[in-house]
Amino acid sequence: MKKCYSTANILLPDFKKTDAQKWAVIACDQFTSEPEYWEDVSRIIGDAPSTLDLFLPEVYLSEASERLPKIHKQMKNHLENILIPYENAMMSVERTLSDGSVRNGLILALDLECYDYAKGSTALTRASEKTVLERLPPRVAIRRQADIELPHTMIFIDDPDKKVIEPLENAKTEYLYDTDLMKGGGHIRGRLLTEEEKAQVSKALDELVTPEAMLKRYGDASLAPMLFAVGDGNHSLASAKAFYEELKMNIGDEAKDHPARYALCEIVNIHDEAIKFEPIYRVMFGVDPYDVLNSLKEYANTLDGTEEAQGTLVISKDFEEIVGFAKPRHQLTVGTLESFIKGYLKTHADASCDYIHGENSVRTLSAKENTIGFLFEGIHKEQFFPTVIREGSLPKKTFSMGHAEDKRYYLEARKIKN
């Protein structure tokens, strides 16, 4: 089977000369409504070399035309004066999160020829949530002018036997970086894999998508194998794919040897104990709660699917009631509920829905007039791969992974221009 990943020419500063804590900055799509967070980051860094010089925080998207030329200029400067290449590399990364748990990852290059974000894809690498195409053009425009990429995409593998990443944890080789992360991000350290370790990783990854492995994990050897599922940074990776497809149209077969064919990513085992899924609940506003409740019951009675029974706790200021779905069509309760909400919103112009983290927040909001909330069991990690394989991408806002501070920080870079 064709490999959908490879080693990469990874770029990093010499951390004997560059302050690693000031170099590493959280992903651009965090704290998008808190400019004060980014102002504080800038104050902490001062004039030190930093990845903050190399990307546009989304809080400043409205200033893109002014900021991007400076960012692209800094990329060239850092390539000439700051960044050191490590060729044909893979890296092992150990991240201590804000709660003290440790998440282990693997940095490698993902082949965009083997990635497809379309619903129903059978590619080896697939999106786990719906890709909003309208969000891609500004990101593609940024990548089009960039000399380097900085990855914040996290990719899941389904490795319950822990044969890919976990054997790398106890190695004694020297760390390229070992630093606390600013603004409550915990700690991170990373090292290069040896040739023997790279071969071991490659063998273990390939074994995850054999017919025997698909039969063991999903009960069907005939399923189109899926090795990677995007866990975080879905639109970042989709933008890299869109740019590569654009490049193929412009330069033809030459694109197959172009560095933009690949995207640097962190691979994480979904069975890592530090990976925790939390449900994202729904709250509807501008509605008659009793009408919503009765409509939901009617909807439940129309279902004729074959999935296991589900249910949701429906909450308003006047009632709490469990509504069951005896014959759901979706594997996940959130999918069943999302189908109902979409249909209801189409016929009720004044109604709206928001995606809420935390039961207490749902209860607080649902105590208001003309508001109704839904609490339900979230997706279990064991359901993630089977659901994506069989149903395609998950419903919008199905789950979250930890706090914002635990998202990926930019550290490694890679050239995407010849």
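The model is predicted, with local features requiring pLDDT of at least 70 and side-chain atom pairs counting only at pLDDT 80 or more, while totals for chains, interfaces and linings use all residues. Residues are numbered from 1 along each chain as its sequence is written, and side-chain values use heavy atoms, with hydrogens and water left out.

**Cavities**

- A cavity is a set of points, on a 1 Å grid over the protein atoms alone, where a 1.4 Å probe fits but cannot get out, and lining residues are those with an atom within 4 Å of a point. Grid points are joined across faces, edges and corners, and a volume is the space filled by probe spheres set on the points.
- Strands (E, at least two residues) and helices (H or I, at least four) are DSSP runs, numbered from the N terminus.
- The lining of the largest cavity comprises 4 nonpolar, 2 polar and 3 charged residues, where Ala, Val, Leu, Ile, Met, Phe, Trp, Tyr, Cys and Pro count as nonpolar, Asp, Glu, Lys and Arg as charged, and the others, Gly among them, as polar.
- The second largest cavity has a volume of about 50 Å³, and its lining residues include Pro 279, Leu 332, Phe 376 and Thr 398; by class, this lining divides into 5 nonpolar, 3 polar and 1 charged.

**The second largest pocket**

- Of the 16 residues that line the second largest pocket, Ser 42, Leu 52, Asp 53, Phe 55 and Arg 67 are the closest to its centre.
- Helix 2 (35-45) and helix 3 (64-81) each supply at least two residues of this lining, and the largest share, 4 residues, comes from helix 3.

**Aromatic contacts**

- Phe 156 and Phe 277 form a tilted pair, at 6.0 Å centre to centre and with 45° between the planes, and they link strand 10 (residues 154-157) with strand 15 (residues 277-285) across 121 residues of the chain.
- Phe 156 is buried because its relative accessible area is 0%, buried being under 20%, exposed over 50% and partly exposed in between (1.4 Å probe, protein chains only); Phe 277, at 14%, also counts as buried.
- The rings of Phe 277 and Phe 399 are stacked because their centres lie 4.2 Å apart and their planes are at 25°.
- Phe 31, Tyr 37, Trp 38, Phe 55 and Tyr 410 form one aromatic cluster.

**Glu 58**

- Not counting residues up to four places away in sequence, Glu 58 touches Cys 28, Asp 29, Thr 32 and Arg 139, a contact being heavy atoms within 4.5 Å.

Methods:
On a 1 Å grid over the protein atoms alone, a cavity is a set of points where a 1.4 Å probe fits but cannot get out, and a pocket is an open set with protein on both sides within 12 Å along at least five of seven lines; lining residues have an atom within 4 Å of a point. Rings of Phe, Tyr and Trp (its six-membered ring) pair if their centres lie within 6.5 Å; planes under 30 degrees apart count as stacked, over 60 as edge-to-face and the rest as tilted.
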